[in-house]
Amino acid sequence: MGYNSMGKVWVLLMMVMMWCWASMAEAEYMRYKDPKQRLSVRLNDLMKRMTLEEKIGQMTQIERSVASNEDIKKHLIGSVLSGGGSVPSKQATPETWVDMVNDFQKGALSTRLGIPLIYGIDAVHGHNNVYKATIFPHNVGLGVTRDPILVKKIGAATALEVRATGIQYAFAPCIAVCRDPRWGRCYESYSEDTEIVRSMTTLISGLQGDSSEKGVPFVDGQQKVAACAKHYLGDGGTHLGTNEGNTILDSKKLFSIHMPAYNDSVIKGVATIMTSYSSWNGVKMHANRNLVTNYLKKKLKFKGFVISDWQGIDRITDPPHANYTYSILAGVNAGIDMVMVPMNYTEFIDGLTYLVKNKFIPMSRIDDVVRRILRVKFTMGLFEKPLADYSMAKYLGHQEHRDLAREAVRKTLVLLKNGKSASKPLLPLPKRTSKILVAGSHADNIGYQCGGWTLEWQGLSGNVTAGTTILSAVEKAVDPNTKVIYNENPNQDFLKSNKFDFAIIVVGEPPYAETFGDSSTLTIPEPGPSTIKNVCGSVKCVVVLITGRPVVVQPFINNIDALVAAWLPGTEGQGVTDVLFGDYGFTGKLARTWFKSVDQLPMNVGDSHYDPLYPFGFGLTTKATKTT
């Protein structure tokens, strides 16, 4: 072969090699990983690369207790959650949380496509699963404030504390309209009034940031988290207030009472919406295609993803999990996008795979699901910054957040009675006096102050996390020369042997969550009533009620001098004493009707049989004063 021929061969070889290198470079360039590309381009690029197995993995949310780096990689899991009380270790630090979440995330990132997972948690009154987090008042109290700006600030503070632990997704807010206080989740509802609940959807903007484009899922960077409006739809309207029960309403009332806050949430760009365990006129919401797909997604144009509740699809059948294949079929075809399995996830993956391969669930439905989930993940910036670091750990229990919670507590308090006659008010109390009695089961108990969904699903008793009990707050509030005596349940001999100027009695409900809180009597348990009877029979007294809802008070209302509804105030007990001792005035107005008897229930403002003990909107006021 001559020189010219050899040269031509080399040129040809070089051209082939350059073409191969260019092809390889083009193959390695994945548009979905390029933040400069439009969202639609990234979505389309990633979707066309995904197998059915990878798509079903994105739909699967599993509990951290059954998750591992290896399992997430093997099964291509798209989401992990902490259930109530599910923590990496007892009293875990933010750094421990970050390490756990990052370990799970590394499993997801090591898969073929490296799609990051999203980690969710119930942060429903602050970052309530986490030791030393700021615990804000539950929603039943926040509704009293009628202060959307305050609630937005609480959302922003909560987002920072959630991010402090490496978590990017909060299952909040609960925008139920609780129409019957016998419901065990009534404290998770802002009000019986639709308009108050609507106004409190500002929590979404606090958690996620302010969206500039209405109706589009939005999370504004690494100091914000994805929110979740829940539980869709009608969870607060069930018959007799039964948790997970049946809401018996015509469509006009369902849409006028329970739907408006969801419309507002979609407009605010809420990233996700959770379906309710409850039914509407006998149809399980987890299987209600008309309301989930046709109304929420098509009419309201919700573009985020719908997530099931914990084992929510299992409960489509009675008994639960009786026909799991059917439950998967009914739930996914109804419009549920991500399934909170959360334990036996291989059963879910296998069942869904079978249903798709055999064309019971169309591939178009799976593609719609995954597009919604990925849209939220792209919007959050998870692809650009999937791993957390320790830089935000400082925000957990931050003093600014505790100050905000203390302000919130002040504004949630409702003064129901002040003096046995209007001309002789007991409140505000003097700080300088001889001797004060503090009594009651809830006076020195952070766990009771916080209620359910605090460290554990059902809450705890005792001083279980950082905060200020009401007893401690009293001791800090009074003059140094004022003697504060604490006796949880004093007897007559004790009361007679001491000369108290007045008593502060703090009693109420023990913590509870969900069905464990359903009550047909709505009475506070002993020794609360006995403590009120004994003390108020001997000493001028103010009773501070720590409850998740209005309770029966008529048996003792005439014997007490002052009555304060403090709801479930959280860790910052000084917010209570700020108002009791007059540094701030009482301003709270009932966002729930206070009934006379449970026989009247359900009874809400506007009902024809409305005859309350204290009506919706009631609340006595006092002025701030420098008491001595």
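Analyst: **The cysteines**

Cys-178 and Cys-186 are joined by a disulfide, with 2.1 Å between their sulfur atoms; a disulfide here is a pair of cysteine sulfur atoms within 2.5 Å. This is a predicted model, in which local features need pLDDT of at least 70 and side-chain atom pairs count only at pLDDT 80 or more, while totals for chains, interfaces and linings use all residues. Residues are numbered from 1 along each chain as its sequence is written, and side-chain values use heavy atoms, with hydrogens and water left out.

The link of Cys-178 and Cys-186 is left-handed, with -105 degrees about the S-S bond. Cys-178 and Cys-186 are both buried, where buried means under 20% relative accessible area, exposed means over 50%, and partly exposed lies in between (1.4 Å probe, protein chains only).

By the sulfur distance rule, the count is two disulfides. The other pair is Cys-536 and Cys-541, with an S to S distance of 2.0 Å. The torsion about the S-S bond of Cys-536 and Cys-541 is about 110 degrees, so this disulfide is right-handed. Cys-536 and Cys-541 are buried as well. With the bonded cysteines of the protein chain numbered in sequence order, the pairing reads 1-2, 3-4.

Next come the cysteines without a bond. For Cys-174, the closest cysteine sulfur is that of Cys-178, and the 9.2 Å between the two sulfurs is too far for a bond. Cys-174 has a relative accessible area of 4%, so Cys-174 counts as buried. Cys-450 is in no disulfide either, and the nearest cysteine sulfur, in Cys-174, lies 18 Å away. The relative accessible area of Cys-450 is 0%, and Cys-450 is therefore buried too.

To recap the bonded pairs, Cys-178 with Cys-186 is left-handed, whereas Cys-536 with Cys-541 is right-handed.
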